[in-house]
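This briefing goes through a single chain, from its overall layout to selected residues and their surroundings. Please keep the sequence and the coordinates open while reading.

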Amino acid sequence: MSTDARIVSPQQKIGARPTGPPAGAPEEPTKPAKGKKKLSVIIAAVLVVALGAAYWFLAGPGAAAPADEAAEVNAEPEYELGEVLPVEAISINLAGGHYLRLGFALQLIADAGGSHGPIDASIALDAAIALYSGRTQEELSDLDYREQLKHELEEKLFELYHEEVVAVYYTDFVTQ
């Protein structure tokens, strides 16, 4: 067995693939990896979104209102209901030679007629005639449309009677 020391050349063997920068070559400055840069951008974007959401839900317009404020927003005006005033049924001309026999009653508040004088039903009849005249029989046979007209009449009477009439009840509704 040979005991000679083996000498390895620092140069590469002929035909060998380069394994790194050649010895003595200047080192290139190291660039940060692209993956780390993208990760930093994503983390920054997520942080900005999280801070925005925290502001929105904790201090901004999306924050929950205190219970008292929420109740005030959703509360309907409170009226103490008074008597129901029946209005005599009338016949109203419709389009196409048809007519509507309309009877209704007015729901008054408890102290109606106090500051503005007694309730005059002729104001309600006038408003009803103006609202229902000229409608077609087909329109009035649609339940949703009829309820829409009733709501319009309630709003009009609420205004005309200085908030003393709060609802309208049909007592007679016949088309012919």
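Predicted model: local features only at pLDDT ≥ 70, side-chain atom pairs only at ≥ 80, totals over all residues.

When contacts between residues at least 6 apart in sequence are considered, 64% of them join residues at least 24 apart.

- Helix α1 covers residues 34–58, and because 25 residues at 1.5 Å a residue should span 36 Å, the 36 Å between its end C-alpha atoms agrees with expectation.
- This helix is hardly covered by the rest of the chain, since the count of buried residues among its 25 residues is zero.
- Tyr55, Trp56, Phe57 and Leu58 together make a nonpolar surface patch of about 530 Å².
- Leucine 58, which belongs to helix α1, has a relative accessibility of 70% and therefore counts as exposed, the cut-off for that class being over 50%.

**The largest nonpolar core**

- The largest nonpolar core contains 24 residues, and those with the most contacts inside it are Leu100, Leu102, Phe104, Leu106, Tyr132, Leu153 and Leu157.
- At least two residues of this core come from each of β1 (81–93), β2 (99–109), α3 (121–132), α5 (143–160) and β3 (165–175).
- For leucine 106, once neighbours within four places in sequence are left aside, the contacts are Glu83, Val84, Leu85, Val87, Ala124, Leu157, Tyr161, Val165, Ala167 and Val168.

**Glutamine 107 in strand β2**

- Glutamine 107 is found in strand β2, and with a relative accessible area of 5% this residue is buried, because the class takes in values under 20%.
- Leaving aside neighbours within four places in sequence, glutamine 107 is in contact with Leu81, Gly82, Glu83, Val84, Glu164, Val165, Val166, Ala167 and Tyr169.
- One of these contacts, valine 166, lies 59 residues from glutamine 107 in sequence, while the two C-alpha atoms are 5.7 Å apart in space.

**The salt bridge**

- The structure holds one salt bridge, formed by arginine 101 and aspartate 172, whose closest N and O atoms are 3.1 Å apart.
- The pair links distant parts of the chain, with arginine 101 in strand β2 and aspartate 172 in strand β3, 71 residues apart.
- Side chains of opposite charge can pair when their charged atoms come close.
- Arginine 101 counts as partly exposed because its relative accessibility is 37%, and aspartate 172 likewise counts as partly exposed, at 21% relative accessibility.

**Helix α5 and its surroundings**

- Helix α5 has 18 residues and reaches 26 Å from its first C-alpha to its last, which is close to the 26 Å expected at 1.5 Å a residue.
- The residues Tyr145, Leu149, Lys150, Leu153, Glu154 and Leu157 of α5 are buried, and what covers the buried residues of this helix includes β2, α3, α4 (137–141) and β3.
- An α-helix has 3.6 residues a turn, so residues three or four places apart point the same way.
- Two of the buried residues of α5, Leu153 and Leu157, are also listed among the residues with the most contacts inside the largest nonpolar core.
- Arginine 146 has its place in helix α5 and touches Leu140, Ser141, Tyr170 and Phe173, not counting residues up to four places away in sequence.
- After α5 comes histidine 162, for which phi is positive, near 55°.

**Alanine 130 in helix α3**

- Alanine 130 lies in helix α3 and counts as exposed because its relative accessibility is 62%.
- Alanine 130 and isoleucine 92 are 38 residues apart in sequence, and their C-alpha atoms are 9.3 Å apart in space.

Conventions:
Residues numbered from 1 in each chain as written. Heavy atoms only, no water. Patch = residues over 30% accessible without salt bridge, like charges linked within 9 Å, V, L, I, M, F, W, Y side chains within 5 Å. Areas by Shrake-Rupley, 256 points an atom, 1.4 Å probe, with all protein chains shown as cover. Salt bridge = Lys/Arg side-chain N within 4 Å of Asp/Glu carboxyl O. Helix = DSSP H or I, 4+ residues; strand = E, 2+ residues; numbered from the N terminus. Buried < 20%, exposed > 50% of the residue type's maximum accessible area, 1.4 Å probe, protein only. Core = buried A, V, L, I, M, F, W, Y, C linked by side-chain atoms within 4.5 Å. Contact = heavy atoms within 4.5 Å. Expected span 1.5 Å × (residues − 1).
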